[in-house]
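Subject: Structure handover

Hello,

Here is the structure for you to look through. Please open it alongside this message; my notes follow below.

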Amino acid sequence: MDLTTVWFLLIAVLWAGYFLLEGFDFGVGILLPFVGRDDRSRRLAINTIGPVWDGNEVWLLVAGGATFAAFPEWYATLFSGFFLPLLIILVALIVRGLAFEYRGKRDGAVWKKRWDTAIFTCSLIPAILWGVAFGNILRGVPIDANHEYAGGFFNLLNPYALLGGLTTLVLFTLHGAVFLALKTDGPMREQAGRIAETTALVAVPIAAGFLIWTGFAHTDVWGIALSALAAVALVTAIPLTRAGREGWAFTATAATLLLAVAALFVTLFPNVMPSTLDPAFSLTVHNASSTPYTLKVMTWVAVFFTPIVLLYQGWTYWIFRKRLKLSDIPA
């Protein structure tokens, strides 16, 4: 296996990790107005992700940096063609981080309500736009012979990509509801469990529609097989949630996201951005990659630093593994 393929796989792993981890804290942010009946309840929901949300975003930074270094042509075409939606995502993530930090700086109800609205809105927007972005990458976009994006913003708002955005929205919301049920006790645990059940019933047909459309558009055997496994994991989450087995339900929703991202990258390979103008104009792992020397240096850096990052983040989750309840939140 050459280094271009290795780095394509590593970038797939980074995006899978990002969707797995950031997915549930997006979900918690989206559910904040619905599970937070008062200020203490909303603080309880926020505290479930408080110690980890910023660490989860590291996966996005590393995925973007790895793409820039390993596949500069892919990075350049992606960020020039998808400039506006990626800028909106970036602004949303910045405002979301500010909301977490500034919400508790004052006691005013209006002050907190505005930041709660910011958390909800800035969790909702990326949850949709990431699905739209990856839907377009998988579908293909107009790329010319110079490997430059030749379309406009509205080319990205096609039915397939919008369905992809709706799919990531419902999957992240379900993932967040199950996480809330896993991390809390008392009334919020029961409420999050009920929301998870309802969301799962909505998520199954939407995700199934997107996976079926993808299967017909891309007849990749391995991609279809991974999509089928993702569907099975998603359906399995429903009875587990009803039975109050939050740990296994969270494992099922996590597997759904990991398998869905794996299916996406397997279906995409060896392309990284297919062209709808001419297949010959498509960006692939070979014509979009850096030099072999660059990839070799990156590989050694990854071998050294990746275990450190994983150990530190795993330690963080272990330290903050305890369930939270309303009595843990001071009045």
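**Threonine 77**

Threonine 77 sits in helix α4, which covers residues 72-81; helices here are DSSP runs of H or I with at least four residues, strands are runs of E with at least two, and both are numbered from the N terminus. Threonine 77 is buried, with a relative accessibility of 2%. The cut-offs are under 20% relative accessible area for buried and over 50% for exposed, with partly exposed in between, using a 1.4 Å probe and protein chains only. Setting aside residues up to four places away in sequence, threonine 77 touches Ile143, His147, Tyr149, Met273 and Leu283, where contact means heavy atoms within 4.5 Å.

**What kind of model this is**

This is a predicted model, in which local features need pLDDT of at least 70 and side-chain atom pairs count only at pLDDT 80 or more, while totals for chains, interfaces and linings use all residues. Residues are numbered from 1 along each chain as its sequence is written, and side-chain values use heavy atoms, with hydrogens and water left out.

**The chain as a whole**

The protein chain holds 11 helices and two strands. Read from the N terminus, the order is α-α-α-α-α-α-α-α-α-α-β-β-α. The C-alpha trace spans about 60 × 35 × 35 Å along its principal axes. What radius of gyration does the protein chain have, and what would a compact globule with 331 residues have? The protein chain has 20 Å, which agrees with the value near 20 Å for such a globule; the radius is taken over C-alpha atoms, and the globule rule is 2.2 Å times the number of residues to the power 0.38.

Of the 331 residues, 49% count as buried. Among contacts with a separation of 6 or more, 81% are between residues 24 or more positions apart. The accessible surface of the protein chain is about 15,700 Å², and 71% of that belongs to carbon and sulfur atoms; areas come from the Shrake-Rupley method with a 1.4 Å probe.

**Valine 285**

Valine 285 is placed in the loop between β2 (283-284) and α11 (292-319). Is valine 285 buried or exposed? Valine 285 is buried, because its relative accessible area is 0%. Apart from neighbours within four places in sequence, valine 285 is in contact with Thr4, Phe8, Phe71, Phe269, Pro270 and Val272. Tryptophan 7 is 278 residues from valine 285 along the chain, and their C-alpha atoms are separated by 8.9 Å.

**Lysine 183**

Lysine 183 belongs to helix α7 (residues 159-183). Lysine 183 counts as buried because its relative accessibility is 9%. A polar atom of the lysine 183 side chain lies 2.4 Å from the backbone oxygen of phenylalanine 320, and this side chain also reaches the backbone oxygen of lysine 322 at 3.0 Å. Leaving out neighbours within four places in sequence, the residues in contact with lysine 183 are Thr48, Phe320, Arg321, Lys322, Arg323 and Leu324.

**Aspartate 220**

Aspartate 220 is in the loop between α8 (187-217) and α9 (221-242). At 23% relative accessibility, aspartate 220 is partly exposed. Not counting residues up to four places away in sequence, aspartate 220 touches Val266 and Thr267.

Regards

Technical notes: A polar contact is a pair of N or O atoms within 3.5 Å; within protein, one must be able to donate a hydrogen and the other to accept it, and residues adjacent in sequence count only if both atoms are side-chain atoms.
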